[in-house]
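Below are my notes, in numbered points, to read next to the model.

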Amino acid sequence: MDLHFGDSKPTDEERAAVDALLGPPDSSWEGADRDEMRAADLRWARGGRAARDRRDQLLPGLHAINDRIGWISEGALDYLCRRLTVPPAQAYGVATFYAMFSVKPRPATVLHVCTDLACAAAGASELCAGIESRLGLGSGVSVERGPCLGLCERAPAALAIRAGDPVRTAVSAPATVEQAVLAASAPDSAPEEPAAAMAVPQAGDPALTLLRRVGVVDPSSLDDYRAHGGYTALRRAFELGPAGVIREVTDSGLVGRGGAAFPTGRKWQATASQPDHPHYLVCNADESEPGTFKDRVLMEGDPYALVEAMTIAGYATGAHQGYLYLRGEYPRAIRRMRHALDQARARGLLGDDVLGQGYAFDIEIRRGAGAYICGEETALFNSIEGHRGEPRSKPPFPVEKGLFGKPTVENNVETLVNVLPVLMMGAPAYAAIGTERSTGPKLFCVSGTVERPGIYELPFGATLGELLELAGVRAGLRAVLLGGAAGGFVRPDELDIPLTFEGTREAGTTLGSGVVMAFDDTVPLPRLLLRIAEFFRDESCGQCVPCRVGTVRQEEALHRIADRAGAAAADDIALLREVGRAMRDASICGLGQTAWNAVESAIDRLGAYE
Amino acid sequence: MTVTPLGIPRRLLEFTIDGEEARVPEGSTILDACRAAGKDIPTLCQGDTLTPKNACRVCVVEVEGSRTLVPACSRTAEPGMEVRTDTERARHSRKIVLELLASSVDLSTTPRVAEWIKEYEAEPDRFGPDAARLNEEPKIDNDLYVRDYDKCILCYKCVDACGDQWQNTFAISVTGRGFDARIAVEHDAPLTDSACVYCGNCIEVCPTGALSFKSEFDMRAAGTWDESAQTETTTVCAYCGVGCNLTLHVQDNEIVKVTSPHDNPVTHGNLCIKGRFGYQHVQNRG
């Protein structure tokens with residue numbers, strides 16, 4: 001490659017931000033000062049393949065600059081490109097892909113205000129207007145209305161990020177104008193977030209399986225985790241051996257909790273048996289589905305459980321390197337997981353010789369930067385590799401060619417955490433929980449107009465009504481959104497739907513990622529549907545035509561019929577259906593294929609425009 | 001005529017297209033097989049010299065057992081596969097894709113698209129007069145190329161041709177995302193400030209005319225561009241010893257653009273700046 005770099009130079013601070021991540025440059029070939037050119041520089045070029053192999057440091061590099069400066073200048077981007085031998089055009093394409101990065105100057109402090117479903121129902125638009133009028137121009141804070149921050153149980157929510165060394169963050173939820181402004185203007189003195197257990201109304205209930213330690217264990221203490229049964233599942237895994245672990249997971253009937261419900265044991269077996277090496281394990285913690293916050297609560301409340309579960313998954317599938325792709329909007333989860341990994345490493349629970357068993361495994365955290373699409377498994381691989389987070393076409397499937405083109409197993413946080421009880425109680429006992437085809441316990445993210453929003457754990461098979469009963473459904477229930485923005489609405493007279501994969505499928509809807517959002521009759525349905533359409537239009541990666549343009553045409557049609565019903569809306573509803581059908585049939589990935597689900601269900605099941 | 005190497009013999013595999021038996025060499029795509037069987041599948045982002053990107057989705061077909069439609073350009077044929085190319089479902093998606101594209105960008109210089117719009121009864125106007133369009137002015141910042149993104153369907157061909165598939169210059173990338181995604185060089189700069197080496201290989205693969213020779217752009221603007229009056233002569237480039245084939249497009253005894261045969265085993269349609277643009281001396285009659 002003969003790369004061309006522009007003339008723009010990084011500032012000292014930008015250079016320092018990159019060097020803090022990558023170390024100082026070795027030669028002028030990769031950005032060291034020309035004045036300091038050493039004799040060796042004249043004789044041979046660093047770079048080439050060795051440098052290009054660090055392409056996956058591009059996303060961390062962009063974060064490093066954005067964290068320190070607040071935005072990414074031409075000089076900073078070019079310097080990062082020199083260091084990594086990445087063409088500037090490609091790096092620019094990556095930097096502009098993510099919502100949390102800016103390639104234009106902006107204030108050091110950005111206040112992200114969530115305007116998604118739960119927050120919208122809790123008055124996010126008034127909150128935004130209030131914040132903007134309080135801050136006014138020249139406040140040094142950029143207010144950005146954005147998608148779900150995963151704080152739905154405490155809606156409305158705001159997240160302040162102030163660039164610097166170190167970067168400071170503050171969460172305000174439930175947010176008032178005063179608190180959000182305080183978080184943005186003085187992130188260091190903003191009040192501490194409530195404990196993760198506050199999101200678990202059942203916390204402390206001895207009948208819990210997945211959530212049993214949340215609120216009970218000290219999330220910063222490895223000893224406390226072990227005192228509460230931590231690392232017994234990993235010991236059991238070493239007794240069973242990789243094939244034994246896969247057998248247990250297969251026999252348990254565990255299926256993926258991310259929405260696709262693929263059998264976990266089968267995925268692990270398919271990866272483990274690939275002759276190509278190395279194998280990789282990826283934990284998808286990029287939960288960006290509006291209404292979903294269970295992975296955040298698990299990582300904040302019981303971080304070591306995920307470390308242990310990833311270690312088991314890596315052991316079973318023959319991986320020695322795991323990646324935890326964690327959404328960038330979760331600063332506390334990132335801090336907790338980083339701490340947990342450091343502690344586990346220091347105590348020999350990660351590293352060259354896990355638990356003295358001769359198995360080498362380590363986990364690296366990769367921080368997302370604001371892109372819902374990166375929750376799609378192949379888009380996530382591209383993101384880690386330093387490319388735009390666009391999904392790849394399948395086949396080939398990740399078990400064969402995944403991260404870095406190697407066999408990869410990818411599971412989300414909840415799926416992995418389920419492996420601990422599978423090994424501790426044994427496959428038959430685990431499979432006895434729930435129903436025949438949906439086994440085990442399930443987490444549900446309940447939000448919207450309920451008394452006690454939060455994460456609930458129930459065995460598969462409980463009904464929607466039972467779950468809403470627990471959460472304290474209010475009078476005047478109008479609709480329930482199952483499975484998040486990519487899921488579907490059901491009516492208040494359908495609360496006997498069993499919460500299982502097969503039960504929801506029979507009822508013509510989906511369990512998705514376990515989102516249950518209740519909306520009473522004070523919530524304007526057409527505005528909600530518009531927000532869903534806007535979300536998908538905003539989050540489409542833009543790669544394929546049905547999704548890139550289809551989401552726009554659908555949003556336009558919904559705007560046209562926002563105040564219409566019956567015959568006046570019929571033409572546009574027909575248009576929505578035609579475009580929606582092509583999006584479902586012809587989009588490359590699940591985002592485009594499901595983007596029309598919720599609106600369609602609102603029209604068909606709720607009679608949204610009748 | 002150029003000589004095309006035969007390549008290594010490949011095993012044939014059998015499957016069905018629209019109920020008829022088809023036999024194609026292993027590794028063929030569904031599109032290859034369909035074309036061999038005489039089926040006309042529309043394609044826009046597919047390029048004969050590039051790895052299929054399957055971004056436009058206009059070539060989708062039905063494959064038995066597949067939940068969604070399948071892009072014919074990139075899916076390789078498998079033994080026993082049952083492919084249906086002309087079902088209502090596939091036709092519906094193609095129609096919508098054509099409508100979505102034609103309603104958002106200018107397809108007036110895209111070969112064959114008018115024919116497909118008619119065939120699939122696409123009505124790009126039905127999204128209403130307020131349907132979002134690109135509506136961008138052509139970028140004219142140098143004497144060789146014009147970038148008219150109002151015509152760009154984001155097929156990624158120029159990105160791939162400039163990148164690791166051919167040129168390895170990596171001057172072009174997709175930036176932004178969703179409907180706001182655009183083809184651009186680094187920092188959205190003028191071409192003259194970018195890594196571009198003016199090989200013109202992106203123009204060679206552009207399926208819509210979003211990238212064009214300045215000569216063609218100017219003649220179209222002046223109303224003098226007339227393909228029916230042009231002759232094409234393939235010759236050998238005289239600049240160096242590689243022997244690349246040039247196809248000179250001549251109108252009124254003037255070279256108006258230079259392309260290269262895609263089936264040429266040396267160039268595969270690619271040229272360098274001299275072969276592509278260095279023809280003024282031929283017609284400098286001062």
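1. A word on terms before the details: contact here means heavy atoms within 4.5 Å. This is a predicted model, in which local features need pLDDT of at least 70 and side-chain atom pairs count only at pLDDT 80 or more, while totals for chains, interfaces and linings use all residues. Residues are numbered from 1 along each chain as its sequence is written, chains are lettered from A and ligands numbered from 1 in the order in which they are written, and side-chain values use heavy atoms, with hydrogens and water left out.

2. Let me begin with A:Gln57. Leaving aside residues up to four places away in sequence, A:Gln57 touches A:Leu21, A:Leu22, A:Leu84, A:Glu364 and A:Arg366. You will find A:Gln57 in the loop between α3 (48-52) and α4 (58-69) of chain A; helices (H or I, at least four residues) and strands (E, at least two) are DSSP runs, numbered from the N terminus. Is A:Gln57 buried or exposed? A:Gln57 counts as buried because its relative accessible area is 18%, and the cut-offs are under 20% for buried, over 50% for exposed and partly exposed in between (1.4 Å probe, protein chains only).

3. Next, the strands around β3 of chain A. Strand β3 (residues 158-162) has four of its five residues buried. Five bridges join β3(A) in the antiparallel sense to β1 (residues 109-114) of chain A, and five bridges, again antiparallel, join β3(A) to β4 (residues 168-172); two strands pair if DSSP finds at least two bridges between them. A hairpin is formed by β3(A) and β4(A), with five residues between them, and A:Gly164 in its turn has a positive phi of about 160°.

4. Helix α17 (residues 413-425) of chain A is mostly covered, with 11 of its 13 residues buried. Among them are A:Val413, A:Glu414, A:Asn418 and A:Pro421. Just after α17(A), A:Gly426 takes a positive phi of about 85°.

5. On to the rings. There are 19 aromatic pairs over all chains; rings of Phe, Tyr and Trp (its six-membered ring) pair if their centres lie within 6.5 Å, with planes under 30 degrees apart counted as stacked, over 60 as edge-to-face and the rest as tilted. B:Tyr145 and B:Tyr198 make an edge-to-face pair, 5.7 Å centre to centre with 85° between the planes. This pair links distant parts of the chain, 53 residues apart: B:Tyr145 is in strand β6 (residues 145-147) and B:Tyr198 in the loop between β8 (182-184) and α5 (201-205) of chain B. Both B:Tyr145 and B:Tyr198 are buried. In chain A, ring pairs join A:Phe238, A:Tyr315, A:Tyr359 and A:Phe361 into a cluster.

6. Two charges sit over rings, too. A:Arg553 lies over the face of B:Phe127, 5.5 Å from the ring centre, and the charged end of B:Lys53 is over B:Tyr156, 4.5 Å from the centre of that ring. The criterion is NZ of Lys or CZ of Arg within 6 Å of the ring centre and within 35 degrees of the ring normal.

7. Finally, the interface. The contact takes 47 residues from chain B and 50 residues from chain A. Between them the chains bury about 4,000 Å², 54% of it on carbon and sulfur atoms; buried area is the accessible area (1.4 Å probe) that two parts lose on being put together, summed over both. B:Phe170, B:Arg177 and B:His187 supply 21% of the area that chain B buries against chain A, more than any other three residues. The chains share five salt bridges, each a side-chain nitrogen of Lys or Arg within 4 Å of a carboxyl oxygen of Asp or Glu. B:Arg177 forms a salt bridge with A:Glu539, with the closest N and O atoms 3.2 Å apart.
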